Amino acid sequence: MSTDTNTVKPSTSFTEDEQHVAGNAHNCFRAGQFDATLGILKKLQKSHSNDARLMHNRALTEFCKSGKTKVLDFKKSLVKIQKLLQQSNKEEEDIVLNTEKNNYISLYYNQALLFYNLHQYSETEVILGHLYENLDGSEETYLLKIGLLLIDTYLFTYNPEKAGNLISVLEKNFLTNEDATKRSGNNDEKAKSTPTLGMAEAESLKVHLRYLKTLCCLQTKSIKSSKREIKSLTNVYSNSGGGGQQTNIVQVASVFLKSNFECVRSNYHKAYKLLGASPPPVATNVANGALQEGISTMYYNNLAVLHFGMGKHNIGSFYMQKALQENDAAVSSATKQHHLNNSSGNSRHQQLSTAKPLCVLNLNRRFELAYNYGLQLLYSGNPAAAFDSLLLAVHAFHANPRLWLRLAECCIHKCTTCASEGKMKGGSHTKKSNSAFAMIGSGTNRKVVINTSLPPLGTKSNNLTTPLPTLEFASVCLNNALFLLKEAMNGISWDTVIDIKKNNGSKSDEDQAPELIIACLPGAPLSGNDIIHLYASVLANNAFVTLTLGNGLLALEYSQQLLSLPRLSGCNRYLGNMYAAEALVSLDRISEAIQHLSVEKISTVSLEIDNNGMKSPGSDDGSVKSGQNNKAHNHNHVSQKATEFVSPWHFPSNINCAHGYMILNLANAHCLRSEHEKAQRLLRQASSLVSARQAPPQALLLAVYLNLQGGGNGLVTALLMLRHNSLVVTPQQTSFAAKFPKLVNGNGARPPTGNNSSSFESGSSGGDTNSAAPVNQTRLKSSTPQPVAGGQTPERVVKAKNNEGKKRNRR
Amino acid sequence: MSLSLKELSNLLGFLQEDEVVNQQFDSFTSALQKTGFTKQDHFRVGCSVVILLQHKDLLPGAHQRLAAIYLLYDMYRSEPVSANPFAAVFVHLLQPSLEDKSSPQHLLYPAHFGKIPPISQQEKAFLSQLISSPNKDLLKKTPHAVLSNKNGVTDTINNHSYDVSGLQVSLVEKQSQLTSLNKAGVSCVIASPDVHDIATNGDEKSSQKVMEALLTGNHAPSKQYLRPAFIRPTPPLHPCRDELVWMNPMDTTRHTFMWDMNMTQNTNTEVKRLMAKAFRSALTVPQQNQLIAELNSDQKLVHHVGLTPAKLPELVENNPLIAIEVLLMLMQSSQITEYFTVLVNMEMSLHSMEVVNRLTTAVELPTEFIHLYISNCISTCETIKDKYMQNRLVRLVCVFLQSLIRNRIINVKELFIEVQAFCIEFSRIREAAGLFRLLKQLDSGDADTSKK
């Protein structure tokens, strides 16, 4: 009948007989008699070998016959049928293809559902989106099925707005007779148009949509509406409390929702109480065992999330571990269960008992759990394990820039903590508690070897892409993150990113401009300030890594990019300046470096973006406070570790300390310009800002260096500093210094002549008054950094050393 | 850069005090080769030698020290002195040293960290001759001969300083290419003699041990250097907000695979295909006829051909005839208002006007719809920039309005002011003037009737 289409369309039309047979096939299929269905389909195919629908139904039947285990086969055959269709439409244009898809709704829906069950939500979203757009109003059963699946998908991909719109569309189309009682206006015609659902069905759909709506509200974090939705939902649940099994799950679900609500409000303790009240559910019913066990996985996962929120990362990771175990157990038992159910009829399936049916694949949430677990581990200070876990997650979520940053953080923290641990243990030949130096030899040959080299952070690996927690791999991860972010921004300027955020903030929920949102599955997507913050963190980490790997030029580039961002957290501004300065020094641009090291620029090192500090979403009972506590806690956690051993790379815990470090670096820079006196002065200033326990080894090395450069007197001071691992040589430490006179002249300390009663100190001060000053003493005095008490020591020592020389008054 | 244990013992054996005392300098090269050091090893050897020189206790013999200094020269003899990596050592040694006399305690407590103790005048004389104008005779000497050369002392004491400025300049030039960071390194070995430890004092074995510790191994101190190190804080963990996945139970039982119910149904794929094409391009007349015939054959079919309100404009633009037919078929459906809304708001064109015109004649359209459409047309005419197009459109609108008025589809009164203003604005166009006349006529006619 067609005149101009030269397609390979179904050759012959179906006879009435065949149509009748096809109806039988459907009945058989519905009854679960897949063998019989297959028989009929095969027969039909003899005369219609190229019919896409036949092929599709056959593939579906075969898939179902295998107990939904032959997922791959089904997927392949669906793709094959699609290709066939595409081929027949080759000369047609895209739009034709898209509408063409709606001729085969079942085919595409099934494919989408397959992707959905395999957790490939973006594919599902694309397919269903096309189907939904091209639906014409009449296909209501399709609309419902597609709509429901699409809503679920939107929820998984964090598109609460789209999901919400779709929910209201479905409500309008299928639940209007419910509303009709309220609005008696135009209900007549609409009630007529929705006869597809029975009362019970409509009721359950209504509850289901309510539930989905609640999830939407929770995702948009609108406190008020989620509160309202949860309330009405629990009302509905309590009203409709019917069959035992159903209510159990419903109860659990509502408890989860309530807890989630409190979690969104950062009321973690309340959330914990709510969640803790629900007992770790036990499989009560065999038929629904899988669902139940899935719930216990979720239960532990959510518990872990709460503990993470409370800052108890170790407990959190414990629960995460439990969740992972539960997940594995659930998967294996569900697989077993499934095969038990299926194989009763058909013995052939026992061979396939290792193959996992589709519902089990859907149940398995290993990658999300691995993601959560990895984060918990990272925060609980176990970067190596976190790395492994996140590496697993990255297989599934490789488009998430934040995940790549986390991976890099694992590498960096693994390297820095390992190195410092190694340093702690590694001083094997000294046996001294401090590792600043080593003693070699004895007698006249005794040497002090300063432990100059910071433990190497980067291990040289040839293969950059080998996923090992090394700095090289961190750099790969960070470049991935940077690439993903840049691509997502796609030339949008920062101003627009922020402005949109600002406008949205002022006009609440109104959507006036398309907001830039970067998806970060499986977590919530980023927008506005969060994007800029993530970008900044990636740059800061990248600067750190490249600097450590010795690429000063690139590090400078990254840190300058970082500093040019329109909004920065105090922490990142600090880091940017520090890294830029170090990179500049490595490029021998010291005066530029010094400009970066001005303390005045840094007023805070908090992790929050400085202006427009976003509060955790509205909370009424002091939950903001708890949120802040958590942050403080996080911070403490880091600094707690630091007090055990000051790693050369640890981040300063307070602003004073940060200033101290910056001044130390400034001192370093001046020292490199041979401005030793200035460096000494800065060093003194820094040591007043940094408590002795927080002083990083670099500070000591600098002090030692300056003293060594100073000449003879400084040498002794340097040795004292090394020995006491302190920037300041105090009178209490002079007991060591007292040995030097003996060393030098072998006849012991000089008799005390001063007014001090304590033997050594008085000895020294007494000695000062009447013994000779060395030739170069005046010079040394001005250049040694010793504040107050320490000043005595070198003088005395030098004096003692020179006591064979001419004696003269000290002026 | 460090030596192996064997290399160290070879080097020390080579520098044995009794060995070198009477060895001629020119035999050093071959002797060194004999001990197994090749050209590649020279720098490592040199570095080690410098450390030994810096610490007098490790290389106590005067002859040894001279031999060691010569060794530094000898290893790079083939190149000019300024290219010798240890040229700085020579410059340092030839500096006039003020502390020569003042500190006899050097050995016990070196006040000057990291510096090679000064050498005697004889040695200086030898060294300066060596680097400025080496000759065969000089190399024929032995360390012993140099050191015992009392005559030389008197010679050189007169010209106390040696001219190394040329060498110094070339060194500075070389170093200026280095970054200050690279120039800042100093040795990390500090002598800290413990005189009390008499038992091991000056012990041969202990110094051997120390040398091993200093010069051998993977992390030998000789390889390392002390220089200002920047504090490079690790970036703290990115704050974690909303990052963890909270899980809520999802009811997946609602999603089931679908059986394709249309199997073996002789479906209207052809109609859908044609319809999809109609959205994209104008259909041929037979195609149009076929499509309309098929649609007419089954009243419900029109709901299943993939037409949605969003697609109506495309259909109108490409196939107005089909659009009219389809809209007429859809008049009874609940969606028709949506279709009308789309039609009103679509861009004005000949086709859309044609469709509306035909619709007005065929069925009774809601008046708001027509009014909205007319205002839309008028505003389009007013805002369009292209003069030619404007004229065309104005003509079209005028004709359209006239036909509407003549057919009494609209009541002019309701739109009188708007239409009048439109006519006045475009009075230069003939059709507009005609429309204006018609309006006046109607107005007066109305007035007449009302008077009567």
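1. Let's start with B:His351 and its neighbours. Leaving out residues up to four places away in sequence, B:His351 touches B:Val316, B:Glu317 and B:Pro320 in this predicted model. The histidine belongs to helix α20 of chain B, which covers residues 350–362.

2. B:His371 sits in helix α21 of chain B, residues 367–383. Its relative accessible area is 16%, so B:His371 is buried, the limit for that class being under 20%. Which residues does B:His371 contact once its neighbours within four places in sequence are set aside? They are B:Glu414 and B:Leu415.

3. Next, have a look at a pair of helices in chain B. Two packed helices are described by the angle between their axes and the distance between the axes. For helix α16 (residues 285–297) of chain B and helix α18 (residues 320–330) of chain B, the angle is about 5 degrees and the axes are 10 Å apart. That angle makes α16(B) roughly parallel to α18(B), because angles under 35 degrees fall in that class. On the α16(B) side, the contact is made by B:Gln288, B:Leu291, B:Ile292, B:Leu295 and B:Asn296. On the α18(B) side, the residues are B:Leu321, B:Ile322, B:Glu325, B:Val326 and B:Met329. Sorted by class, this contact has seven nonpolar, two polar and one charged residues.

4. Chain B has 452 residues, and 50% of them count as buried. Among contacts in chain B with a separation of 6 or more, 74% are between residues 24 or more positions apart. The chain exposes about 21,600 Å², with 53% of that supplied by carbon and sulfur atoms.

5. How confident is the predictor about chain B? The average pLDDT of chain B is 77, and 85% of the residues score at least 70. Which elements of chain B have the lowest and the highest mean pLDDT? The lowest is helix α7 (residues 99–102) of chain B, with a mean of 44, and the highest is helix α17 (residues 312–318) of chain B, with 85. Two stretches deserve a careful reading. Over residues 99–111 of chain B, pLDDT stays under 50, and the model has 24 contacts beyond four places in sequence for them. Residues 152–158 of chain B also stay under 50, with six such contacts.

6. A:Tyr158 has phi near 55 degrees, a positive value in a residue other than glycine. It lies in the loop between α8 (140–156) and α9 (160–174) of chain A, and at 17% relative accessibility A:Tyr158 counts as buried. A:Ser266, also not a glycine, has a positive phi of about 65 degrees. This serine is in the loop between α14 (244–264) and α15 (268–277) of chain A. Is A:Ser266 buried or exposed? A:Ser266 is buried, with a relative accessible area of 5%.

7. Chain A as a whole has 37 helices and four strands. Buried residues make up 53% of its 811 residues. Of the contacts in chain A with a separation of 6 or more, residues 24 or more positions apart account for 68%. The accessible surface of chain A is about 35,600 Å², and 52% of it belongs to carbon and sulfur atoms.

8. Finally, confidence in chain A and in the model overall. Chain A has a mean pLDDT of 72, and 66% of its residues reach 70 or more. Confidence is lowest in helix α35 (residues 759–770) of chain A, at a mean of 35, and highest in helix α25 (residues 552–563) of chain A, at 93. Over residues 610–645 of chain A the pLDDT is below 50, and this stretch has 50 contacts in the model beyond near neighbours in sequence. Residues 178–195 of chain A also stay under 50, with eight contacts beyond four places in sequence. The model scores ipTM 0.74 and pTM 0.74.

Conventions:
Residues numbered from 1 in each chain as written. Chains lettered and ligands numbered in written order. Predicted model: local features only at pLDDT ≥ 70, side-chain atom pairs only at ≥ 80, totals over all residues. Heavy atoms only, no water. Helix = DSSP H or I, 4+ residues; strand = E, 2+ residues; numbered from the N terminus. Buried < 20%, exposed > 50% of the residue type's maximum accessible area, 1.4 Å probe, protein only. Contact = heavy atoms within 4.5 Å. Areas by Shrake-Rupley, 256 points an atom, 1.4 Å probe, with all protein chains shown as cover. Axes fitted to C-alpha atoms, helices over the stretch in contact; angles between N-to-C directions. Parallel < 35°, antiparallel > 145°, perpendicular 65-115°, else oblique. Nonpolar A, V, L, I, M, F, W, Y, C, P; charged D, E, K, R; others polar. pLDDT = per-residue confidence, 0-100.
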